[in-house]
Each structure stands twice: as structure tokens, then as C-alpha cells.
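Hi,

Here is the structure I promised to pass on. Please have a look, and my notes follow below.

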Amino acid sequence: MSRPSTRHSATLIAGCVTAGLIALLALVSLLWVPYAPDDTSGGRLAGPGGGHLLGTDKLGRDLFTQLMTGSRIAFEAGLGSVLIAAAIGITLGVLAAFTRGWLDDTLAALLDILIAFPTLLLAMLVVAARSATLASAVLAIGLAQSAVVGRLVRILVKRVLAQDYITAARTSGTSWPRIVAGHVLPNIWPTLVVNLALQFGLAILAEAGLSYLGLGAPPPNASWGRMLQEAQATFTTAPAGALAPGILLVMLVIGVNLIADGLRDTLDPAARGRR
Amino acid sequence: MARYILRRLAFLLVSLALASVVLFVLLRLLPGDPANALTSVGAAPEQIAAARHSIGSDRPLPEQFAHWIGQLASGDLGTSFISSLPVGPEVGARLRVTVPLTLAAFVLAVLIAVPAGFLAAYKRRTWYGALLNGVSQLGIAVPVFWLGMVLIAVFALNGGWLPAGGFPQDGWAEPAEAMRSLVLPVATIALVMSASLIRYVRSATLDVLGSDYLRTARALGSSFGRAMWRHGLRNAAVPVISILGIELASTLLGAVVVESVYALPGLGSLLATGIAQHDYPVIQGVLFVSTLAVLLIGFAADILQRIIDPRLRGRLSGGAR
Amino acid sequence: MNITKISLYSGAALLGLTLTACGGGAGGSGAAGGAYDKNATVNIGSLYEPQNLDNTAGGGQGVTEALNGNVYEGLFKLTDTGKVEKLLAKDYKVSPDGLTYTFTLRDGVTFHSGKKLTSEDVKYSLEKVLAKDSQSARKSNLEVVKSIATPDARTVRVRLSKKSISFVYNLSYVWIVNSQAKNLKTSEDGTGPYRLRKWTRGSALALDRFAGYWGGAARNKQAVFHYYKDATALNNALLTGAVDVVTSEQSPDALDQFKNNQNYKVSDGNSTTKLLLAFNDKAKPFTDVKVRQAVSSAIDDKKLLESVWGGYGKLIGSMVPPTDPWYEDLTKVNAYDPARAKRLLAEAGYKKGFTFTLETPNYDPHPIAATFIKSQLAKVGVTVKINTITPDQWYTKVYQNRDFTATLQEHVNDRDLVWYGDPNFYWGYDNKQVTQWVDQAEQASTTAEQTRLLKKVNRKTAEDAASDWLYLYPQIVVANSKLSGYPVNGLNSQFYAYDIKKG
């Protein structure tokens, strides 16, 4: 393993470039889009060209505009979900790691059950309780992912707690909060950050799936999943509507995953050998 | 080991009991009214109240809970608010689609992912190692409904080799048709599942390849194959089994998108309909059965891990946890 | 025996061979010349699975589609062209005061269980619709029934508390069930040409020809309704031959692949389903007629219809579809005219526009229509906030609690103009004159008078913009060319399967 670092940074750079392009699109969409999202002045299912880079949808709305808005929604979904997942997951995981015996087992089993409970069905429940908005989707995805994060944090923290220096710190009278802040968190964060980056990609996919089923961001702010669903029936006659969001979605998820891989190599020395 | 199994079983039962209480309470906290699913535009308020009364959703919660627990104790999952069909047989019918679907996809995914993941790690410096890794990256990023659409277009609409969806009404009484209708759904799930499994297997293999004991074993003169078999496999298997257990459990209900794309009457779609209609007996029944399945799978995974790795035997819950 | 197998084979034949290929059952002999297979299985694809099998217990649209006329029959039936004909009633007489109806039952009718039809069953069936826990959508229409007598086994005498000219029409919605039958939510006992073979929830409902049927036997041996949750999956099933006919297409997008293919027939019939932008006429600012008129004038219905349905569907200017007897073309009333909309808004004191929330059910076509309305109203200064809700939330929030300003909803039944005469209905339209007209129309002695009065209601509600009627859905049935005799209009979502011939 003589030249790992260059290859690793290449992964990181490739990921940053891919995801960065889409991030740029999302940022630009905040300041400028070719048409207003609810401008229906284009013709029904117009083909690419004629003032519409990718053509228009059924209502005559510009597809490129929707694609740009969609990239923003994808980032909102990813960030929002990961924040929720991190907040709840870390709390639960640390708590579980510090408890022992049956309480620990119960928390572990609870996390396992939660993990097995699909995001989609959680989302249906959240939508049933609130209404179908991006916030509901993000909440559901974040909750589902908090179980995954919690499970990981529990393992990581347990591993750290078993180390000798923790025992040393405890015998020297250091308080638990200080142990957590001083020893546990610094030791687990590299692995945690990598996992959260992976969750970011998964959250974007999950939001697309929810929107595909009509449980995601409401119109007129089309998310990519909603675009895919609408374009599904007109795939043969107007393929741009189905291809463009699909490609961007795959690009963004791969980009984020590459960043996660790259981060693992730079941040997590223990895992360096793996890549 | 026998004592461990007993303890683990007791734990399983307690978890199940806890889960069913939590489930019941959470569901009833959700806003929503099962009577709405029975209502049509034009219904008078008295009709809606009558609907609530006839399904019993207007009774006090403790009473409803006692009723449900009483039924459960006698092995009855209750009756659907909406269809009036007993939930137990219905869940059973859905399981006859979902369990074969999940198991077949799972086995196929493992058959693809274990060798591919191992190769991706062991031959990571070669072009095909990189290719395998790249393909798995792509596989993770493709939405499952999109993959389903493509497979249907190629194999059902253009090729005409396989049905585009549906499941024979008489189910496994028509084995050939039942199997044909599961081919594409199984392939869809297996492809998506193996993409993420490949990465786990690859990472577990890399851990083992870089470990001291493997180097020691080889230095002591074991052949690579022998060292890998005696030490590597065992060590790599423990975390992988834990992941496999979770994948298997989450596919039981998580196949709902695939079931929708392929119009399969599976457990996930029963639950989805139940949630949309606020049909509590159905939701409770499905979730009770799937919670039981999750716990059993976790149980099996723990036992398996202990058989593989005796070092874990002192601990109650799974090694890779 | 094995339905799916047959359908799959016929599917394979369809893809590879031409129109005349014989792929169906044993005796298939081609489509031409009216020859058909008397023992064919007809596979019907639908998006509307029954919730249960009882239309007085919330079975929903799906149970009407699958069982109405096929498994259950009423004293009267509503034909596919919208006429009311005698079915289990051989004859009936109305007393001069219009309050007593005497029905004579048809002879030789037996239930699927083998029991003979008697007047007791008719009495029981009517009482079932009127019962306290009945979820029948027609319950309120039939509450004029004061008493039901059964002088003999073949005669039923119904007394009404007041005259009801729609009584016979409403009876076409009342299924005659065996008074001794049990578990009607999960099984059946009707008198129709088919009996239920098996309902597999989540996938299919199979009907077998009933050998003891009193009338002409069904033209096919089996009719199987296959249920799909997703329109694309349903169209795929038709493309691969897994189903022979789709009862009602919900999007025009997939139609091109059938229209340009001689193996399929696309028919564009009459529907009774209307898409409404329903204002809460009791909530500001829609209490003001001018605001409602302005919003109606600001929305280009034609463009919306074109967007959602391509070239299909019709524009309507009121709640009344062309198949209702009191239809009148009112599309000119409050027609698309943004300048007028602005003027009306200014007159109503909303020169700068206003903001309102549009409660939008989360399934098609509502989200797309909401998006369109938002963009149209923005042009006249009105801001729309779209709130996406589930059907459950719609019933609780909008229908029961009236906690809304405006909502989108599809109304599927024919003759439902009369709801505007009920000030307690969810949209809160309250006009004493209209209520009186609706009342008088129901008590009219002749249909001519009923029609005259309801035409007045029609015009008044249209002028008042009680709601904004965006468009009338098309009723598109797509079938394999080998099929004939299927209903093309699907009024009130009925789908009579017994005349379907498979070549």
C-alpha cells in the first residue's frame, strides 16, 4: 500500500466534482431558474429545444427548471434527514452504550426492529399523521435512519468504553460527561461522519421513492421522484422527462458515496487498509 | 449454549410483548379515522358515527386493547375493519408471496455478493476488482422502482418471456405460473440487495486480509486458502451475518415498492393499504407478525454467530452489535 | 380451472401473432363474424378493488363495478346508456297520489344459494339500505320510505312519506339480497348471472357463470377482475395479455401504444365523474359570489383538460353531465376571462388579490390540477397555497369538519346536482330558492316538470359559481380487439360483464 493516499484523494475529488456539479445546480436554482416553477406557458409535452432545454411536462412547465428545483429538494431531503438521524441516533446510541444488562438488550432489540421497519411505511404513518409535505418525508427518513445511526454509535461507543484509558480516566475520577466529550466523541466521529455521508445518499434515494409514490414534496416543487413517476407513462414519447432526473439522481448518490469512501480513507486511519 | 438459547428466547418473548403494547399505543395516537374508508361522499354524520360503532373504533382504548390481547392469546389476529376478513389467514396468504420472494432474492443476492465482494477485495488492484466495485456503487444509487421499470420493459413488454406483474389467483396451486411471476421481482430485489451486500463483504474481507492473525497463519506456513478458510471466513462471517439478518428482515416489509411495481399481493402492500385506510387490526396483525419475524431472524443470526465464533458465547446479544 | 394460465398463453399469442390468432380457451374461433367462445374467461383489469363485498357497508366504487348487475340485481337496473329498466320487478304501479308503489316480482328467480326470491327478500334488502348502520350512499335519498308491506310472496308495497320522482331510479342502486344470507361483507347471495367463485384480496375477484340464472345466460364462462394499484402496471397487464380489458383508464399517457395497434380498441364513452374546485361557500372570501365568479373566470378549464387528458374529456359549465336529463350547455357562464376576473375581484374589494389554501388530495389528477390552478390564479393576483392531504384527512378535515377554504375533489355519481339543495352539504352552498326547487323537483308528478325545475337549479348554481366545475372526465375503456359487448360508458362505475364475448 505505497500509494494509497493519492488514490484516496482521487476518490474524494471525483465524488466532490460529481456531487458539486449538482450542488451548484441547486445553489443556482435559489437565485435563478429559466422559468417560474408554476409557469405553464410551454406546450403540453413539448420536446427539447425552442426555449426549453429539456422540453416541458404535461402542464407545459419547463423540465429543466423542475430538474434544478429537484436538485435543491434532493439536498434539502438529504441534509434534513441526516440532521434528524444524527441528533436522535447519537443520543440513543450513547445512552444504549452506557446502559448494561436487559436495558441495553432491549434498546438494541428496539433499534433492530426499527431498522427492519421500512422507511416507506414509516413515511406513510407520518403522512397519515401530518400531511404529505417534504418535511413529513424528511422526518420519516430521518427517524428510520436514526435507528441505523444509533446502532452504529452504540457499537462504536462500547468499543471505546472497553479501552484501558477509559478505565484509567474513570479511576482518576473524571466525570462521565467529560469522558464522553473528551474521549468517546473524538474517537467515534471519523467513522460516524463517513456513515452519515452514506446516509445522506440513502436519504436522497428514499425521498425519490416516497415522491414516486406521492408521499414526498408536494407540487409545484417537483422532486426527482415525482418527475420520474409522471414521466413513466410517457417514457416512449418524451424520454427526456424520465432520463434526466434519473441520471442526476444516480450521479448525486454515487458522488456522495464516493465522498464517503474518500472521507473514510482520510479520516479513519483504522480503516485505511480497507480501501 | 443451551442456557444461552433459553435466555435469548425469554428475551425474545419479552420484546415481543413490549413491541405489541408500543405498537398498539403508537397506532392509536395517530390522527385518522377508519370510518372514513367506509364513507362515501353523501354520507350523513350519523352514518359515519354508525360506521365507527359497527367496527368498534369508538370504544375506549383500554377496552380495545384488552380485546386485541385476548384475541392474540387465543391465536387470533382479529378481523379487518374494512374488509371484514380475518387478519390471520390474510397475513398467511400474503406471506406465501412475500416469504418466497424475500428468501429467493436473499439467497440469490448472497450467491452474487459473497464471491463478488470477496473478489472485489482480494483482486482490488485489478481492473475487474475495480469494475465490481464500480458496478456495486451504481447498483446502490439506482432507485428500485426504476430498475423494475427497465426489467419489465425488456423482459415482459419487449421480450414477452415473463409476466409484467400479478400473481396467479390460486397461488401456489399453479406452481409454474407462480414461479414465473416471481422471477422479475426476485431479480429486482436481488440486484439492489447484492449491490450493498458486495460492499459489506468487500469491507469485511479487507479487514481480514489486513489482519494480524492471517499474516501470522501464513507466516507459520498455512496456505492462503487454508488460512482464509480457518480464520478469515470465520472472522469475516460474523459481521456479515449480522448485516444479512437485517437485510432479510427489512426486505419482508420493504418489498412494498417492488410489490407495487409488479402488482404482487404481498405483505408490504397489505400493510400499505391498511395504513391508508387506518385499518388497525390489519396494521397490528402485519406488524406483529413481522416483528416476530425480525426477532426470530435476529435470534437465528445470534446463534449462528456464536456457533461460528465461540469467543462471543459469554454475551447475550450479537457479536457484531 | 386455471385462469391465469389461459390468460398468459393468450398473452403470448397476442404478442407474437396477429389479430385472428386463437389464443383464448378451448373453442376460440377468431374475432370476425360474431363467433365467440361461450366458455371463455374474460380477464378484466381495474384499479378499484372492493373494500368489502357489501354496498351498504362501505364496499366502495369497486364493489359496484364488480358485483352490480353481475352478481346482484335490483328491482330496476340502470343501463349503460343511462336508462332505467325493469329487472327483478316484472311490473309496478304508482297510486294517483304518488305515495304508494306496488311492485310485482319476476317469476322463477332464485338466489345463488338455491332459495327462491320472495317479497320478504325485497323488504329485507330495502330495510338493509335504510338501517341505522347502513353506509349506502343512497340512504338519504331513500329515507322517504315510510313502510314496506308484503301482501304475498310476489308483491311488495312501499308507502312513501312524500312524493319522490326519483324513487324508481334510486331503487336501481338497491341490491336484492337473500334475507337469510350471512356474512355479506365477505361472501354473496344474489340473483345475478354470475356467482362469486373466489375473492383473493389484493389481487383478484373471480365470477363464474350461474347455471340457474332466470334470464339469458352470460356470454362467457368466467369473468375475473384483476386489481392493480398502479396504472402503469395495469397497462402492462393489458399489453402482455394478462387482462383483456381495462375498465377505466385514468391517464391518457399510455393510450398511444393502444391507439396505433390493431390488437386493441380504445373507446371514449360518457362518464359522470366531474372534477370540482369546491369552494367553502360559508368561508371568506368565497362567501362573496363575485369572488367565486372571479376565480372561475380566472381558470382556463380548456387548457387544464388538455393538459391532464390530452384530447379526451369534456368541458362542463355546471354539475350536470350531458347524460343527465336536465343537462344544458352552460360552459359560457363564468367562462375563462382573466380581465373579467380582475374586474370582479376589484368590485369585491380584493383589488390586490388574496391568499387561500387549497386542500388537495394526494392522488392524481388533484396535484397536477392544483399546480395548474395556482399558476392561473397567480395571474390575477390570487395566491394559492397547496396543502396535500390523504383521502382520510379529506373526509375528516373537509367533509366532516368543514375546516377548509377550498378543495379539489372528484364527484363520480350522476344526478348529483341535487346536493346543492342541501345547505348542510360540505361545500355549504345555501340558497333558499335552490333548496326549494330541488325539493319541488323531487315531488314533481312528471319528469318534464322535474327536468324544468332542475334546469333552473342548474343555471342558478352555475351563475352563482357555487363551485368551479373544471371538467368532465372521459370514460376510456381499452380492450383487446377479440372482445366485444363490453360497456363503454361505465355510469356510476358499473361494469356489466355478462354480455362480453371473447372471439
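**What I found**

Over residues 83-414 of chain C, the chain is 26% helix and 25% strand, with its end C-alpha atoms 12 Å apart; helices (H or I, at least four residues) and strands (E, at least two) are DSSP runs, numbered from the N terminus. UniProt, in an unreviewed entry, places the feature "domain: Solute-binding protein family" on this stretch, residues 83-414 of chain C; its positions are given in the numbering used here, feature names are shortened, and annotations may be inferred rather than shown by experiment.

Please keep in mind that this is a predicted model: local features need pLDDT of at least 70, side-chain atom pairs count only at pLDDT 80 or more, and totals for chains, interfaces and linings use all residues. Residues are numbered from 1 along each chain as its sequence is written, while chains are lettered from A and ligands numbered from 1 in the order in which they are written.

Chain C meets chain B through 43 residues of chain C in contact with 45 of chain B (contact: C-beta atoms, placed from the backbone, within 7 Å). On the chain B side, H3(B) gives the most, with 7 residues. By class, that side has 23 nonpolar, 17 polar and 5 charged residues (Ala, Val, Leu, Ile, Met, Phe, Trp, Tyr, Cys and Pro count as nonpolar, Asp, Glu, Lys and Arg as charged, and the others, Gly among them, as polar).

Chain B itself is divided into domain 1 (2-73) and domain 2 (87-316), with bounds from an automatic or database domain assignment. Between these domains of chain B, 17 residues of domain 1 are in contact with 16 of domain 2. Helix H1 (residues 2-29) of chain B supplies the largest share of the domain 1 side, 12 residues.

Best wishes

Conventions: Two residues are in contact if their C-beta atoms, placed from the backbone, lie within 7 Å.
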